[in-house]
Amino acid sequence: MTDHQTTARRFTAGPWRRLRSLRVRLIAVFAAVALLAAVSASGIAYWLNRDAVLKRAQDTALNDFRVSLSRNVSELPLNASCPDLTTLASTVASSGLSYDVVVADPAHPECTASSDPGQFTLADVPAALQSTVARQREVTESNPYPYHLYWQRQNLAGQPFLIGGTKVVPTGPTAYMFKSLENERKDLNTLGWSLAIATLLALIGSALLAQAASSTVLRPVKRLGDAARRLGEGHLDTRLEVEGGDELADLARTFNRAAESLHEQVEELSAREAQSRRFVADMSHELRTPLTAMTAVTDILEDEAESLDPMIAPAVRLVVSETRRLSDLVENLMEVTRFDAGTAKLVADEVDMADLIMSCIDGRAWYDAVELDAPRGILAVVDPRRLDVVFANLIGNALKHGGSPVRVKVRQTAGSVVIEVSDSGPGIPEDVLPHVFDRFYKADRGRARSEGSGLGLSIAMANAQIHGGTITAANGEVGAVFTLTLPLAPTPPPNEGETGDGPLGDAAQDKDAT
């Protein structure tokens, strides 16, 4: 993924993801707190009510069973028969609290009297309860009775029952009570559902409250994000309205101060940049007049160099060479200032790329040193003069620094044309590759000067970008490879020729930097 794609993804998805995350976190915190509080309160309420309901039901039933058994056992004859035990069980169970009674007498092991024989028998009594009821306790001052009433909750056929039992006298029968707790279970289930609904309502209420709170909190955060986005897009007059005195208001004030400071710094830098551009343009313009005169003089001197004193001739040739170099530098500086000022314009025409490249090669007598692979018929709408500058720079640098043979390959892709210029030299050092399009960059910092102006690749990149294309530099299998990519129809940026802070904004130089 390219840097441009990464940036696009960050700007398109980042703000929404950040806002969604804050909202979800706030709602989740509210919901978690509300759920924890509701579940805790509901659980405590349920267990307290459960214990209270069951304790009240079992205490009422056990007390009634004890009283009814004590009242009716005295009427039981000695050596009671099985019918007598059945009568006792029915009488005790008829107290009105809807429980059943089972009476067992060791004297009649074959008989188990029950108020509802088809429903309850001695086999329904848990063995642990039977052994506990039959165990005789030592009589003391704190325990005047050898036998006590014991109880146990047990599920029988899927229904809850309270089972209580006691031995009447050491030699008498043992009675067991079966009290259904189905009504209590229904009441507790109803209570549980009520508490669950209350918990759900509390959760929904907390989510709505969190939504309202998040809207209140995130609204200024969203305004801050929109303002920061507008500021990043170049609207330096963007400011936030400050409301209240909370932390968000302090954040808005901080943003406004930062935006004001940034605005002042950008204005100052813009003014300095404009002054620098004006200075370079004025200087280049002022140098053209004396350079014109100097060029005319150097042309005459060059023609007369053969007839000059041998001691003077080298100096004359040096003056001629440096004057031409200075003239090229001034022309390049003026071209760069036109790009920086956004005044460079395209004079486009539809041309055959093969003819354009061949014209550049023939015009500079490079046809013996360049291998051209350019099929005819690849037509593109370009500015021939500007592309001639690009081709001359790329091919000239390849010949000067890479060595023959230089290969130029042209191919067409979907909607664009690609021109590759490769040489047979040692290539470009890896630490230099990122800087080959920097202005005046020197690969060898110890080299004070070079034959080129150091602006060739800068101007080549600018000319490519004004067409809506670009140039890349890399190392191939042998030598360096410069790739020029152009659309078949020009797609200049909104401010044609203005480069901003891309490669052209800090544009590069000749390949002589390498």
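Predicted model: local features only at pLDDT ≥ 70, side-chain atom pairs only at ≥ 80, totals over all residues.

Reader: What makes Cys82 and Cys111 a disulfide?

Author: Their sulfur atoms are 1.7 Å apart, which is inside the cut-off, so the pair gets the label. With 70 degrees about the S-S bond, the link of Cys82 and Cys111 is right-handed.

Reader: Why can you say that the pair ties together parts of the chain?

Author: Cys82 lies in helix H2 (residues 82–93), while Cys111 sits in the loop between strand E1 (99–104) and strand E2 (112–114), so the pair links parts that are 29 residues apart in sequence. Those element names are DSSP runs, numbered from the N terminus: helices are H or I with at least four residues, strands are E with at least two.

Reader: Is Cys111 buried or exposed, and how do you know?

Author: Buried means under 20% relative accessible area, exposed over 50%, and partly exposed in between (1.4 Å probe, protein chains only). Cys111 has 5%, so it counts as buried. Cys82, at 29%, is partly exposed. Cys360 has 0%, so it is buried.

Reader: What makes a group of residues a nonpolar core?

Author: A core is a set of buried Ala, Val, Leu, Ile, Met, Phe, Trp, Tyr and Cys residues joined through side-chain atoms within 4.5 Å. The largest one here has 41 residues, and Met353, Leu387, Phe391, Ile419, Ile471 and Leu484 have the most contacts inside it. Elements giving it two or more residues include helix H7 (353–363), helix H8 (384–402) and strand E10 (416–422). H8 gives the most, with seven residues.

Reader: Which residues does Leu387 touch?

Author: Contact means heavy atoms within 4.5 Å. Leaving out residues up to four places away in sequence, Leu387 touches Met353, Leu356, Val382, His467, Leu484 and Leu486. Apart from this core lies another, of 24 residues, among them Leu54, Ala57, Ala80 and Val101.

Reader: How do you know that E11 and E12 are paired strands?

Author: Two strands pair if DSSP finds at least two bridges between them. Strand E11 (residues 470–475) and E12 are joined by six bridges, so they qualify, and they run antiparallel.

Reader: Which strands stand at the edges of the five-stranded sheet, and why?

Author: The sheet is open, with mixed pairing and the order E7-E9-E10-E12-E11. Strand E7 (370–373) and E11 have a single partner strand each, so one side of each is left without a neighbour in the sheet. From one strand to the next, the twist averages 15 degrees.

Reader: What does H8 touch in the sheet?

Author: First, E10 and E12 pair in the antiparallel sense over seven bridges. H8 packs on the sheet and touches E7, E9, E10, E11 and E12, and its direction makes about 170 degrees with that of E12. For such angles, axes are lines fitted to C-alpha atoms (for helices, over the stretch in contact), and values run from 0 to 180 degrees between N-to-C directions.

Reader: Why is the meeting of Asp388 and Arg364 called a salt bridge?

Author: The label needs a side-chain nitrogen of Lys or Arg within 4 Å of a carboxyl oxygen of Asp or Glu. Their closest N and O atoms are 2.8 Å apart, so the pair passes. Asp388 lies in helix H8 and Arg364 in the loop between H7 and E7, so the pair ties together parts that are 24 residues apart in sequence.

Reader: How many salt bridges does the structure hold?

Author: Ten. Another one of them joins Lys55 to Asp59, at 2.9 Å. Being four residues apart in helix H1 (residues 3–73), Lys55 and Asp59 are separated by about one helical turn.

How values were computed. Residues numbered from 1 in each chain as written. Heavy atoms only, no water. Disulfide = S-S within 2.5 Å.
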